[in-house]
Amino acid sequence: MVGIMKERNERRRGSSLLWPSRPWRQTGYGSRLFSRPFTLYVSVSPVYYGSASSQNSAAMGQTASRINDFFQRKRTPATLPPEDGNHASTTQPVVDLVNTSETVSTFIPSHASSLPKFPLATPRSPLRRSTRPLTPSEGSPGKPPSKRLKEDVQYLDFPVLMEEETIRYVQNSKVMLIMKGVPGSGKTFITRKIKEVYEDAVLCSADFYFMQNGEYHFEAAKLKDAHESCQETACRAAEENCHVIVIDNTNVRNWEMKFYLNLAREYCYIPLVLEPQTPWAMNSRELARRNSHNLSEEIVAQKIKNYQPIQPVYYGWFLNEVDSTKIWTMGQEWLKEVMKVDDFIQDFFQNTHLFNTEEILNYFSMDSFVDGGNVLHATAKFTGRGKMEGAVEYIGSSFVKGAIGRCFKLHIIGFVITPRTFGARLRLFGDQLELWGNDDYEDPPAYVTQWATPVKYDREPEKEQEEILDNMQHDGEQTSLENEEKVADACHPSVTVIDAELKEDRFHPTWGRGSRAHLTLGCAPGVKPVNTGFDLMNVVRCEQRVQDEVWLTESELCEQKVETYLINGGVLRTYGEGMWVLYPEKEIVVTSMFSACY
């Protein structure tokens with residue numbers, strides 16, 4: 001018995017002693033490699049007795065070798081491929097970001113200490129969040145402006161910063177960028193990036209008033225003076241027709257933007273309100289930590305409470321000042337061509353009580369335009385500051401928000417002339433139709449006058465008529481050559497003329513969604529621009545009736561008056577009751593910016 005026990009003890013001492021290791025996340029090899037802990041058994045004795053022990057030893061050795069290889073592969077994470085070929089991949093593992101539904105591995109550059117305070121590289125996929133190092137050539141003038149920002153920081157996905165076509169348009173136009181957001185939300189950071197893209201941009205901020213020797217010294221008693229100084233800077237920039245003016249103030253309440261919106265309207269700037277897209281934009285604790293004015297969380301929370309969301313009057317595609325003048329002038333030239341048709345003159349005189357062709361040119365004006373009419377626009381959706389049907393959904397649409405500040409090509413395919421309005425007819429494509437929010441079958445409201453009713457026209461003194469012609473820049477001439485040169489330096493025309501697609505539906509070019517789209521070029525005295533859309537809708541209905549005339553009764557055919565006239569460069573058609581529509585052989589293409597009237 002003693003011999004048996006001795007032999008058993010010797011075997012026990014010589015056998016492999018096994019024990020469970022700690023969970024993997026506690027071994028020090030890196031952050032949680034697996035989402036769940038597992039048990040690993042490690043042999044500590046290489047000595048075995050007998051043939052069976054030798055076989056076990058060989059098997060365990062192979063297993064240990066595979067595990068060791070596994071460790072070596074996992075110690076050095078696979079380097080993420082750069083998203084463009086200009087950047088070296090120097091990464092090191094950090095603690096993973098764990099979401100409720102998935103585990104996302106994150107890597108940061110080895111030179112992370114040189115990055116901004118808050119990393120901002122826009123993720124291309126929710127499973128690959130990464131920031132990339134900048135190369136010395138990132139800020140080089142040789143690269144297109146947006147390339148300087150593509151790999152820079154997150155939350156800069158604005159067309160005016162990222163899209164080449166839009167950037168070129170802004171550089172050739174006049175745009176006022178108005179920042180809106182609570183302190184710490186990222187407004188000033190975006191402003192600095194705007195300055196990188198548009199080097200000649202003028203930055204206006206009340207904070208500049210409190211800067212002394214590069215340091216910020218705020219005094220509440222001088223806040224009014226600071227805002228007056230900011231307004232003066234913006235006024236000087238507008239007077240000099242600077243391409244880009246940036247207003248870097250909080251504008252928490254919408255009335256705070258009123259001065260700058262009026263300034264943009266007066267000097268023919270396209271207004272563009274930008275709000276930071278940072279996830280902490282309404283987080284009082286995070287904003288209190290990030291804002292540069294040392295505002296407490298309580299003060300920041302109060303600003304969030306007072307924050308008013310943007311409530312535009314309408315959204316639309318806006319032309320720059322030079323293109324607006326060019327399109328208006330081209331419309332006048334077509335109007336002159338139409339007046340060569342005797343039937344048009346007689347019909348127009350009968351409906352308006354005019355006396356000669358010169359008065360027709362003075363008849364359509366922009367006096368009733370809310371924005372002055374110096375910058376033409378095509379309304380995509382009238383929201384009435386959120387009061388109209390479907391306005392709240394339209395304003396909150398991510399597609400609409402993403403389109404703000406983007407450039408679009410507008411195609412003018414015809415002109416509509418009635419006793420009340422004169423407008424350019426548009427054909428919309430692709431994303432333009434997605435942004436279209438107006439009702440193409442809306443019944444005119446009660447305040448809209450029936451267009452068959454003659455309009456009483458009061459003749460103005462001859463001198464006043466000459467002033468109107470000068471103000472409207474008749475025949476492309478301006479009263480001030482100096483102002484013309486300034487505007488020409490600030491804005492460049494984008495108008496081109498192409499062959500129209502003259503198909504079988506030449507006299508029925510648009511219908512359905514977007515057929516109401518137009519540019520108002522002038523209104524009769526006392527008539528509002530909204531009537532241009534209703535006049536166009538009536539023309540479309542008449543076109544549809546002619547298109548479907550095989551289904552009309554004989555009496556309906558008699559009521560439908562259609563007469564066509566050939567003119568130089570196009571075809572003129574009337575549908576009775578003062579409705580005239582021009583179908584040119586050429587389309588006019590002009591670049592516009594999608595924005596809003598606030």
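1. Basis of the note. Because the model is predicted, local features need pLDDT of at least 70 and side-chain atom pairs count only at pLDDT 80 or more, while totals for chains, interfaces and linings use all residues. Residues are numbered from 1 along each chain as its sequence is written, and side-chain values use heavy atoms, with hydrogens and water left out.

2. The chain as a whole. The chain has 19 helices and 20 strands, where helices (H or I, at least four residues) and strands (E, at least two) are DSSP runs numbered from the N terminus. Of its 598 residues, 43% count as buried, that is, under 20% relative accessible area with a 1.4 Å probe and protein chains only. Among contacts (heavy atoms within 4.5 Å) between residues at least 6 apart in sequence, 74% join residues at least 24 apart.

3. Strand S11. Five of the five residues of S11 (residues 314-318) are buried, so this strand is largely enclosed by the rest of the structure. S11 pairs in the antiparallel sense with S12 (residues 377-382) over five bridges, and also in the antiparallel sense with S20 (residues 586-597) over five bridges; two strands pair if DSSP finds at least two bridges between them. Phe 318 has His 377 as its bridge partner in S12 and Met 593 as its bridge partner in S20.

4. The largest pocket. A pocket is an open set of points on a 1 Å grid over the protein atoms alone, where a 1.4 Å probe fits and protein lies on both sides within 12 Å along at least five of seven lines; lining residues have an atom within 4 Å of a point. The largest pocket has a volume of about 1400 Å³, volume being the space filled by probe spheres set on the points. Of the 43 residues that line the largest pocket, the closest to its centre are Pro 183, Lys 187, Asp 207, Thr 250 and His 293. Helix H5 (187-197) is one of the elements that give two or more residues to this lining, and H5 supplies the largest share, five residues.

5. The second largest pocket. About 960 Å³ of space lies in the second largest pocket, and among its 33 lining residues Thr 379, Phe 382, Asn 438, Arg 516 and Val 530 lie nearest its centre. S12, which pairs with S11, gives the most to the lining of this pocket, with four residues.

Notes:
Buried < 20%, exposed > 50% of the residue type's maximum accessible area, 1.4 Å probe, protein only.
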